[in-house]
Amino acid sequence: MQQLLDKRPLYTLEHKVFIEENSRLLWLAALLFVVSLLCRSWEHFFYPGFYVEDASYYFRINYDAPSKWEHIFRNPNGYYNIFNNFTAQLIGKIDIRYQAYAYLIVATSTCIATIVMFSRLGLVKNRFLLLVTPLVLGLSGLNHINYYTTLTFQMYLLVIALLVVLLWEPEKKIGKNLFIILLIPLLVWSGPYSVLAVPFALGFLVLFRGKSLIMIWAVVVTVVYALSTSGSVGSGINLGHLFSATFQRIWFETVVIDVFFMGFRGGANIEKVLLIAAVIGPALYLIRKDTVQLRILLLLMVVIIVTPAPLLLTSKYMLYGDVFPCHVLTAQIAWIVFILILLDRLIDKLNESYRPAASIVVMVIIILFIVTDNLKNPRKGNHVILYNTREFLQVIKKY
C-alpha cells in the first residue's frame, strides 16, 4: 500500500498557462452559454416567480422577519441548508417588490458561475470542445429551468460547485488556501447531497498527491455534517437497501438509463452496459499514458456510481417513490465531463493534421445532442410561468 501511495502522481492541470492561452475563448464560450440560456427560457427571466419551496419556505419565512442567526440554521427536513437560508434572510431585507428578481439573480448567477468554473479548470483543453463545454454542461447536464430560477434547487447545484473546488489545482498562497478552507464548509453545509464529497475526496487521496490537507478537511467537514442530520421524516439512513434486490435494480437502472444514456433509451439491461463498456474500454486503453486524466476519470466514475446513494440509502426514497432528475444531476454532470475529457484526450492522440476536422465533427455532434435533448424534453427549458408575481408583491407592499 505504501508503495502505491509513493507512486501517486502530483495533481496538476497547468491551470495558469491554460487560462492565459484560452482566456478570450473561455469568455466567448461563457457568453454563448448565457445567450443560449436566455433565448431558451427568456420568459422565466422576464417574469420571475417563487417556484417549488421558494414561496412556502424561504420567501414566506424571511420577507419581513427579524435578523436572527438561528434562522440560518433551520433544518426542518433534518439537514442544514445554510446557503439558501442565509441568502433568503438577506434578500428578505430589501424592498419586497424586488425579492423575486433577487431570488432569480442569485440562482442564475450561481448556476452560471459553477458551469463556467468547470470550463476553466483545464480538464478539457481542445479549443473546439472548450467552446461547447458550458453549453452541454449548462443546457443538458444542468437539466431544468428550476435550477436557474429557484433557491431551493441550489442545494443540488452546490454539490457540483463543491466538486469543482476540490478539483482546483493546488494553491501555494496562504490567502487562497484559507479561502478554500472557509468555502468548503459553506458548500458542504448547504444540502445533504454534499456527502458525495467523502468518496470523491478519499479516492483523490489514494490516487493523487498535492491536495491531501484540503481533501482531509473536506472529509472531516462532511462527516460532521452527516452526523448533524436528524429528526425529520425520511432522513434516516437504511444500509439494508444495499442488499435489497429492488433497490439494487433501481440503482442499476438509474445509472444506466438516466446517466449513461441520459434518459434517451428505454429500460436498463446488461446489453446496454456491455455497449458502454465496448465503447469506453478501448478509448481508455488509447489514453492509458495520460495518468492524471485517467485517474480523474476514475474519480468521476466513482461519483456517477455513488450519486443515487443519498436518496436510495435513506427512507426518504419511500416519500418520493421515484428517482427524480435532481437526484441524478451530479452524476449526469460527472458523466458529461467524463466524456468531454475522454474526447479531448482521444483527439490529442490523432495526427496533428486530422485534429481540426475531428474537433469540428465532435463539436457538431455535441451541439446536435444538446438540441435533441432540449427538443425531446421541452420542460427542461420551460415550466409554468408565474405572470402575476409582480402584482402579488405590489399588493403585499401596499398593505
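1. A residue is called exposed when its relative accessible area is over 50%, and buried when that value is under 20%. The model under review is a predicted one. Cys 39, at 57% relative accessibility, therefore counts as exposed. Cys 111 has 0% relative accessibility and therefore counts as buried.

2. A search of the whole structure returns 0 disulfides. Cys 39 takes part in none, and the nearest cysteine sulfur to its own, that of Cys 111, is 18 Å away.

3. The next points concern helix pairs. Two packed helices are described by the angle between their axes and by the distance between those axes. For helix 10 (residues 154-167) and helix 12 (residues 197-207), the axes come within 11 Å and cross at roughly 15°. The two helices are therefore roughly parallel to each other, and their crossing is right-handed. Helix 10 contributes Leu 162, Leu 163, Leu 166 and Leu 167 to the contact, while helix 12 contributes Ala 197, Phe 200 and Phe 204. By class, this contact of helix 10 with helix 12 holds 7 nonpolar residues, with no polar and no charged ones.

4. Helix 14 (residues 245-260) and helix 15 (residues 270-286) have axes that come within 11 Å and cross at roughly 50°. Helix 14 and helix 15 are therefore oblique to each other, and the crossing is left-handed. On the side of helix 14 the contact involves Phe 252, Val 256, Ile 257 and Phe 260, which meet Ile 270, Lys 272, Val 273 and Ile 276 of helix 15. The residues of this contact comprise 7 nonpolar, no polar and 1 charged.

5. Helix 6 (residues 82-91) and helix 7 (residues 99-119) form a further pair, with axes that come within 10 Å and cross at roughly 145°. The crossing of helix 6 and helix 7 is right-handed. Phe 83, Thr 87, Ala 88 and Ile 91 of helix 6 meet Gln 99, Ala 102, Tyr 103, Val 106 and Thr 110 of helix 7. The contact of helix 6 with helix 7 divides into 6 nonpolar, 3 polar and no charged residues.

6. Gln 89 is also placed in helix 6. Is Gln 89 buried or exposed? At 9% relative accessibility, Gln 89 counts as buried. Apart from neighbours within four places in sequence, Gln 89 is in contact with Asn 62, Ser 67, Lys 68, His 71 and Ile 72.

7. Leu 151 lies in the loop between helix 9 (145-149) and helix 10. With 0% relative accessibility, Leu 151 counts as buried. When residues up to four places away in sequence are not counted, Leu 151 touches Asp 54, Tyr 58, Asn 84, Thr 87, Ala 88, Tyr 103 and Val 106. Among these, Thr 87 and Ala 88 of helix 6, and Tyr 103 and Val 106 of helix 7, also belong to the contact described in point 5. Leu 151 and Phe 50 are 101 residues apart in sequence, while their C-alpha atoms are 9.0 Å apart in space.

Conventions
Residues are numbered from 1 along each chain as its sequence is written. This is a predicted model: local features need pLDDT of at least 70, side-chain atom pairs count only at pLDDT 80 or more; totals for chains, interfaces and linings use all residues. Side-chain values use heavy atoms; hydrogens and water are left out. Axes are lines fitted to C-alpha atoms, for helices over the stretch in contact, and angles run from 0 to 180 degrees between N-to-C directions. Helices (H or I, at least four residues) and strands (E, at least two) are DSSP runs, numbered from the N terminus. Angles under 35 degrees count as roughly parallel, over 145 as roughly antiparallel, 65 to 115 as roughly perpendicular and the rest as oblique. A crossing is left-handed if the near helix is turned anticlockwise from the far one by less than a right angle, and right-handed if clockwise. Contact means heavy atoms within 4.5 Å. Ala, Val, Leu, Ile, Met, Phe, Trp, Tyr, Cys and Pro count as nonpolar, Asp, Glu, Lys and Arg as charged, and the others, Gly among them, as polar. A disulfide is a pair of cysteine sulfur atoms within 2.5 Å. Buried means under 20% relative accessible area, exposed over 50%, partly exposed in between (1.4 Å probe, protein chains only).
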